[in-house]
Amino acid sequence: METRPQLNIDLNSMMRVARSIPYIGNKGNPSNGSLWLVDVFTFKKERLFYFMSKVAVVYWSGTGNTEAMAMAVAEGAKEKGAEVSVLPASEFSADQVSSFDAIAFGCPSMGAEQLEEMEFEPMFSACENRLSGKNIALFGSYGWGDGEWMRSWEARCNDDGANLACDSVICNETPDDDGLAACRNLGASLA
């Protein structure tokens, strides 16, 4: 039996919202994977109201490897029906965190297995106090080491109270087909 997430909302508010939304379609699970918000029974017909999730893919890339991963993440989220914004770290700020239902952050390992320090790290540090309860996912490429930078980054996000929606994806150097497929799955998990 299918279970659906429950919302805490009073019935009058729900009906005001439901009446303001045009009829979307018949009952049933939407094939595009959009978020379920509420089933509303009106006029003796079941109507399903759901909204497209907004996903940001925020990344920094020096060689193009993490950028290729970001594009695959975006593709996976779009395939599941999400509205996706792909933004380089220099174009994203903490003020934008609340504008998205979920955020995929991508950064390669730099130096001694750390995040890129000039653009990505300052941006991410500024966002951290707004990540509590936010669905996020992490991805990035590396050229050496064993992924310690990603484990440290995941621990940092857990300490911030972020909800890591799926396993992080790391690719050694240029992402291969399996790595790109994992990135698409990461994106789909956020949609």
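Arg 156 is partly exposed, at 22% relative accessibility. Here buried means under 20% relative accessible area, exposed over 50%, and partly exposed in between, with a 1.4 Å probe and protein chains only. The model is predicted: local features need pLDDT of at least 70, side-chain atom pairs count only at pLDDT 80 or more, and totals for chains, interfaces and linings use all residues. Residues are numbered from 1 along each chain as its sequence is written, and side-chain values use heavy atoms, with hydrogens and water left out.

The side chain of Arg 156 meets that of Glu 121 in a salt bridge (2.6 Å, N to O). The term means a side-chain nitrogen of Lys or Arg within 4 Å of a carboxyl oxygen of Asp or Glu. This pair links distant parts of the chain: Arg 156 sits in helix H4 (residues 148-159) and Glu 121 in helix H3, 35 residues apart. Glu 128 and Arg 156 also form a salt bridge (2.9 Å, N to O). Glu 128 lies in the loop between H3 and S6, 28 residues from Arg 156. Shared partners join Glu 121, Glu 128 and Arg 156 into one network of salt bridges. Glu 128 is buried, at 14% relative accessibility.

## Asp 95 and Arg 130

The structure holds five salt bridges. One of them joins the side chains of Asp 95 and Arg 130 (3.2 Å, N to O). Asp 95 is in the loop between strand S4 (83-88) and strand S5 (102-106), while Arg 130 is in the loop between helix H3 (120-127) and strand S6 (135-142), 35 residues away. Asp 95 is exposed, with a relative accessible area of 56%. Arg 130 is partly exposed, at 40%. Side chains of opposite charge can pair when their charged atoms come close.

## The buried side of H3

Which residues of H3 are buried? They are Phe 120, Met 123, Phe 124 and Cys 127. These four cover an arc of only 95° around the axis, so they lie on the same side of H3. The arc is that of the directions from the helix axis to the C-beta atoms. An α-helix has 3.6 residues a turn, so residues three or four places apart point the same way.

The buried residues of H3 pack against strand S3 (54-59), S5 and H4. Contact means heavy atoms within 4.5 Å.

## The second largest pocket

This pocket has a volume of about 180 Å³. Its lining counts 15 residues, and Thr 63, Pro 108, Ser 109, Met 110 and Ser 141 lie nearest the centre. Helix H2 (65-79) and S6 are the elements that give two or more residues to the lining.

A pocket is an open set of points on a 1 Å grid over the protein atoms alone, where a 1.4 Å probe fits, with protein on both sides within 12 Å along at least five of seven lines; lining residues have an atom within 4 Å of a point. The volume is the space filled by probe spheres set on the points. The lining divides into five nonpolar, nine polar and one charged.

## Overall fold

The protein has five helices and eight strands. Helices (H or I, at least four residues) and strands (E, at least two) are DSSP runs, numbered from the N terminus. From the N terminus on, the order is α-β-β-β-α-β-β-α-β-α-β-β-α.

Buried residues make up 42% of the 191 residues. Among contacts between residues at least 6 apart in sequence, 71% join residues at least 24 apart.

Terms used:
Ala, Val, Leu, Ile, Met, Phe, Trp, Tyr, Cys and Pro count as nonpolar, Asp, Glu, Lys and Arg as charged, and the others, Gly among them, as polar.
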